[in-house]
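Subject: A structure for you to explore

Hi there,

Here is the structure I promised to pass on to you. Have a look around it first, and then read my notes below.

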Amino acid sequence: MSEVKKIATRESYGNALVELGAEYPNLVVLDADLAAATKTGVFKKAYPDRHIDCGIAECNMVGIAAGLSTTGLIPFVSSFAMFAAGRAFEQVRNSVGYPHLNVKIGATHAGITVGEDGASHQCNEDIALMRTIPGMVVMCPADDIEAKAAVRAAVEHEGPVFIRFGRAACPVINDRPDYKFEIGKGTVVREGTDVTIVATGICVGSALEAAEKLAEEGVSAEVINICTIKPLDEELIVASAKKTGKVVTAEEHSVIGGLGSAVCDALCKAAPVPVCKIGMQDVFGESGSAAALVEKYGLDGAGVYKTVKEFIGK
Amino acid sequence: MENLELQKKANEVRKGIVTAVHSAKAGHPGGSLSAADVYTYLYFEEMNIDPANPKMEDRDRFVLSKGHTAPGLYSTLANRGFFPVEDLTTLRKLGSYLQGHPDMKHIPGVDMSSGSLGQGISAAVGMALGAKMNGKDFRVYTLLGDGELEEGQVWEASMFAGHRKLDNLVVIVDNNGLQIDGKIDDVCSPYPIDKKFEAFNFHVINVDAHDFDALRSAFKEARETKGMPTAIIAHSLKGKGVSFMEGSVDWHGKAPNDEQYAVAMADLERIGEELCQK
């Protein structure tokens, strides 16, 4: 695990698109006047003819992507999660999901690490919205390496895919030679026996940090990285829950409808153990630096540590 | 195809609409009938399509943005040979491939799933852009309701199409003047429709939706128009062809009962006989 290297997954998104653009001449990228922020600007520079700026009109952008996909192109729709999943929800549902078109949605600036822009732009609902759409793959990568792998997997997957990326730089945690990515597969990133922490996105790093501190106190926490929230790796989560008997979920998203809910859906039928959900507790975010916000809302290493400790009663 | 033949086809399309909606006991006959001549002209004359090969790569595309008038599209596709006319009576029934609104996954000849107003035009714009990006010369047609113009997405899509000079795109507005809650100019007037599309950098043609000479010349003009998309404002009569449905807002989304169905079919049979006398 690298201690120093930090990259925002939105950067990874842009870089992956450039790389994949060379391999897939039918890959096109759409933006709604946010290419500079979604980091697709690098793709625009590399392949100007395959970058489509739709202007500030996300609903239309999703529809255009649907139409493009019927002509054999692989469109990546890029915008902030708030607009891609929120504003254009019904377009994603009806123009992409229902006809199961090969459209990929790259939603950047997800969660509270949007920071200073405040609650209007901090989307804590996108996972909940997207996972209700039949046939939609929903991914939330934890770092640069996973983000790039997820974008590649999205291209190779036939059908709609939603990937959420963050604005703030986050530590690279998957920098190891045996790293492998597969849609629908979770990874045990730290083995343990007392409690399972199922985390996604930036909270994977926080969970690892928390596990480290818990270990110092004799608590053995298992950490599972779930990048694909849908389809969920139920088998892995259930097996771990059966082993530890207690599950904590951690996500930079509302505790309503996100990873925590998905995990509960899986556990309630196969391994009904107590679950504690870390995330945004049915509240809006606010302005502040990303670091200050994750600390305030208990999504950093210290926050996860504290909640896990309380939950397991040690 | 001669105009007389097109008129006869359109009359058969209308019979299919009324029969399908009557059988389903639900659906949208008014806006299907008002657009029947446009549907007929597109599928029997204008578009490069092959009923034996509905997914033909370089076919022209049609997106029914006003997806609720699916009975009109289905009847046209059936009469054109994409699937059996007899299947129209399965419309909206459990297990039928003829869903209440167009479903591209299951219905031969349907190029885009639609039904949520305002969304079809965006997909059509995407198809037209895709043709340009892929260096293909197929054309894309999309049919909108006039009430549908109240959806903001229509104008997002139009702004983009005009900006991108998508001259392979034809937007047709079925201007029958009525929407569920009443006259479009009473509910939330989209008029002047032609000036709005002009302002969005479209070439605009006003046309009588029930005159095949006018439709022929409008679609020819659209094909000859370069450097901008075309909007054809088709001035139509809601419920056209069925005496008691014509010009009536009540028949926007209602099925005829058995007696009404008999009257409707008698109206259309009479029109058919008159066409045969010509």
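Predicted model: local features only at pLDDT ≥ 70, side-chain atom pairs only at ≥ 80, totals over all residues.

Below is what I found, going from the whole complex down to single residues.

The predictor gives the complex an ipTM of 0.96 and a pTM of 0.97. For chain B, the average pLDDT is 98, and 100% of the residues score at least 70.

**Chain A and its two domains**

Chain A is split into domain 1, covering 6–171, and domain 2, covering 187–312. Their C-alpha centres are 25 Å apart. The contact between them involves 26 residues from domain 1 of chain A and 29 residues from domain 2 of chain A. On the domain 1 side, the elements of chain A that give two or more residues are α7 (126–130), β6 (137–139), α8 (144–156) and β8 (170–171). Which of these gives the most? That is β6(A), with 3 residues. Sorted by class, this side of domain 1 has 15 nonpolar, 7 polar and 4 charged residues.

**Where the two chains meet**

Now turn to the place where chain A touches chain B. Here 23 residues of chain A are in contact with 22 residues of chain B. Two or more residues on the chain A side come from each of α4 (58–69) and α6 (89–97). The element that gives the most to this side is α4(A), with 8 residues. By class, the chain A side has 11 nonpolar, 11 polar and 1 charged residues.

**The largest nonpolar core**

The largest nonpolar core has 188 residues, and Ile197(A), Ala207(A) and Val125(B) touch the most other members. At least three residues of this core come from each of domain 1 and domain 2 of chain A. Take Ala207(A) as an example: leaving aside residues up to four places away in sequence, Ala207(A) touches Ile197(A), Ala199(A), Val223(A), Ala250(A) and Val304(A).

Is Ile52(A) buried or exposed? Ile52(A) counts as buried because it has 23 C-beta neighbours inside 10 Å, and the cut-off for buried is 20 or more. Apart from residues up to four places away in sequence, Ile52(A) touches Val28(A) and Leu30(A). Ile52(A) and Val188(A) are 136 residues apart along the chain, and their C-alpha atoms are separated by 39 Å.

Next, go to Ala241(A) in helix α10 (residues 234–244) of chain A. Ala241(A) also counts as buried, because it has 25 C-beta neighbours inside 10 Å. With residues up to four places away in sequence left out, Ala241(A) touches Thr196(A), Val247(A), Leu267(A), Ala271(A) and Val273(A). The C-alpha atoms of Ala241(A) and Glu222(A) are separated by 9.6 Å, and these residues are 19 apart along the chain.

**Chain B as a whole**

Chain B has 10 helices and 7 strands. How compact is chain B? Its radius of gyration is 17 Å, close to the 19 Å that the globule rule gives for 278 residues, so chain B is as compact as a globular protein of that length. The C-alpha atoms of chain B fill a box of roughly 50 × 45 × 40 Å along the principal axes. Of its 278 residues, 54% count as buried. Among contacts in chain B with a separation of 6 or more, 76% are between residues 24 or more positions apart.

**Some backbone details**

There is a cis peptide bond from Lys230(A) to Pro231(A), with omega near -5°. Pro231(A) lies in the loop between β12 (228–230) and α10 of chain A. In chain B, a cis peptide bond joins Tyr191(B) and Pro192(B), with omega about -5°. You will find Pro192(B) in the loop between α7 (184–187) and α8 (193–199) of chain B.

Two residues of chain B have a positive phi without being glycine: Lys25(B), near 60°, and Asn201(B), at about 65°. Lys25(B) is in the loop between α1 (3–24) and α2 (29–34), and Asn201(B) is in the loop between α8 and β6 (203–208). Lys25(B) is partly exposed, because 13 other C-beta atoms lie within 10 Å. Asn201(B) counts as partly exposed as well, with 16 C-beta neighbours inside 10 Å.

Enjoy exploring!

Best wishes

Definitions and conventions:
Residues numbered from 1 in each chain as written. Chains lettered and ligands numbered in written order. Domains from an automatic or database assignment. Contact = placed C-beta atoms within 7 Å. Helix = DSSP H or I, 4+ residues; strand = E, 2+ residues; numbered from the N terminus. Nonpolar A, V, L, I, M, F, W, Y, C, P; charged D, E, K, R; others polar. Core = buried A, V, L, I, M, F, W, Y, C linked by C-beta atoms within 7 Å. Buried ≥ 20, exposed ≤ 12 C-beta atoms within 10 Å, placed from the backbone. Rg over C-alpha atoms; globule rule 2.2 N^0.38 Å. pLDDT = per-residue confidence, 0-100.
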